[in-house]
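Look through the sequence and the structure before reading on.

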Amino acid sequence: MWRFFPQKNKYVQEEAEFTFDSDKAVPKHIAIIMDGNGRWAQNRRLPRVAGHKEGMETVKTITKHASSLKIKVLTLYAFSTENWKRPEEEVSFLMQLPVDFFDKFVPELIKENVKVNVMGYTEFLPAHTQEAVKKAIEQTKDNTGMVLNFALNYGSRAEIVTAVKDIYTELKKRDAKEEEITEALISEHLMTGFLPSELRDPELLIRTSGEERISNFLLWQIAYSELFFTDALWPDFNGELLEMAIASFQNRDRRFGGLKK
């Protein structure tokens, strides 16, 4: 319903540089920084929370579309460790969103064979949010399709510090040598370590709203990710724009620091 409010600055979808090809490979793991909910609402003279509510509808749309495209992992940046600085009313609303979202959407996720995971410092979330998260994970644990991975109360620098501390404790217990510290070991101890090794690092990172920064998201994991930025605010993001981002990915020359012969 919010889409019918008059906009101060109407978004016009940018033209695609490339065409999505369903016969070409798609990224196995896509990560998205879902930015612009507040600006979307303010542009319609609505409270910021209206944008967050509409943004959850976009999550549903993109989840279903990504699943239909055979994406294996979709990681969504839902709430950062820095977002606690926002107004208390907005934070309270954001903490209620997972409750409402999972309550309504889990049956569809089960139908779509999508498995829910939540990474982040969830122990610091309100009790009702934690309960909703645990319930959604439990209800979808037997699903074998796409993994819908929410980053909730997540910050990449904190994640890396936690991983280093865990590795230090682990190695100290068995008096291990420093040579055992490898990229693979660090990767295993990060919050994406629950995924198979070939799926831990996103091949494509998308950020909406026109901002072109990483904002403390998956700093280790995106070392060789392709980046795609769009001016679309998150509630305006849709399946067509997702395919546009994938089309851009399909036309990148991924050399990983080397040269192709």
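How are helix 3 and helix 4 oriented to each other: roughly parallel or roughly perpendicular? The answer comes under the second heading, after an outline of the chain.

## The chain as a whole

The model is predicted. Its protein chain contains 7 helices and 6 strands. Read from the N terminus, the order of elements is β-α-α-β-α-β-α-β-α-α-β-β-α.

A compact globule of 261 residues would have a radius of gyration near 18 Å, and the protein chain, with 19 Å, agrees with this. Along the principal axes, the C-alpha atoms of the protein chain fill a box of roughly 65 × 55 × 35 Å.

## Helix 3 and helix 4

Two packed helices are described by the angle between their axes and by the distance between those axes. For helix 3 (residues 88-111) and helix 4 (residues 127-139), the axes come within 8 Å and cross at roughly 15 degrees. Angles under 35 degrees count as roughly parallel, and therefore helix 3 and helix 4 are roughly parallel to each other. Their crossing is left-handed.

On the side of helix 3, the contact involves Met95, Gln96, Pro98, Val99, Phe102, Val106 and Ile110. These meet His128, Thr129, Ala132, Val133, Ala136 and Gln139 of helix 4. Sorted by class, the contact of helix 3 with helix 4 has 9 nonpolar and 4 polar residues, and no charged ones.

Helix 2 has 21 residues. From its first C-alpha to its last, helix 2 reaches 31 Å, close to the 30 Å expected at 1.5 Å a residue. Helix 2 is followed by lysine 70, which has a positive phi, near 70 degrees.

The axes of helix 2 and helix 3 come within 10 Å, with a crossing angle of roughly 30 degrees. That makes helix 2 roughly parallel to helix 3. The crossing of helix 2 and helix 3 is right-handed. From helix 2, the contact is made by Arg48, Val49, His52, Lys53, Met56, Val59, Lys60, Thr63 and Lys64. From helix 3, Glu90, Phe93, Leu94, Leu97, Phe101, Lys104, Phe105, Glu108 and Leu109 take part. The residues of this contact of helix 2 with helix 3 divide into 9 nonpolar, 2 polar and 7 charged.

## Helix 2 and helix 7

Helix 2 (residues 48-68) also packs with helix 7 (residues 239-250): their axes come within 9 Å and cross at roughly 50 degrees. That makes helix 2 oblique to helix 7. The crossing of helix 2 and helix 7 is right-handed.

Which residues of helix 2 and helix 7 meet? In helix 2 they are Ile62, His65 and Ala66, and in helix 7 they are Gly239, Leu242 and Glu243. By class, the contact of helix 2 with helix 7 consists of 3 nonpolar, 2 polar and 1 charged residues.

## A loop residue: isoleucine 214

Where does isoleucine 214 lie? Isoleucine 214 is in the loop between strand 5 (204-207) and strand 6 (226-229). In sequence, isoleucine 214 and glutamate 203 are 11 residues apart, while in space their C-alpha atoms are 15 Å apart.

Setting aside neighbours within four places in sequence, isoleucine 214 is in contact with Ile33, Leu205, Arg207, Leu219, Ile222 and Leu227.

Notes
Residues numbered from 1 in each chain as written. Predicted model: local features only at pLDDT ≥ 70, side-chain atom pairs only at ≥ 80, totals over all residues. Heavy atoms only, no water. Axes fitted to C-alpha atoms, helices over the stretch in contact; angles between N-to-C directions. Helix = DSSP H or I, 4+ residues; strand = E, 2+ residues; numbered from the N terminus. Parallel < 35°, antiparallel > 145°, perpendicular 65-115°, else oblique. Left-handed = near helix turned anticlockwise from the far one by under 90°. Contact = heavy atoms within 4.5 Å. Nonpolar A, V, L, I, M, F, W, Y, C, P; charged D, E, K, R; others polar. Expected span 1.5 Å × (residues − 1). Rg over C-alpha atoms; globule rule 2.2 N^0.38 Å.
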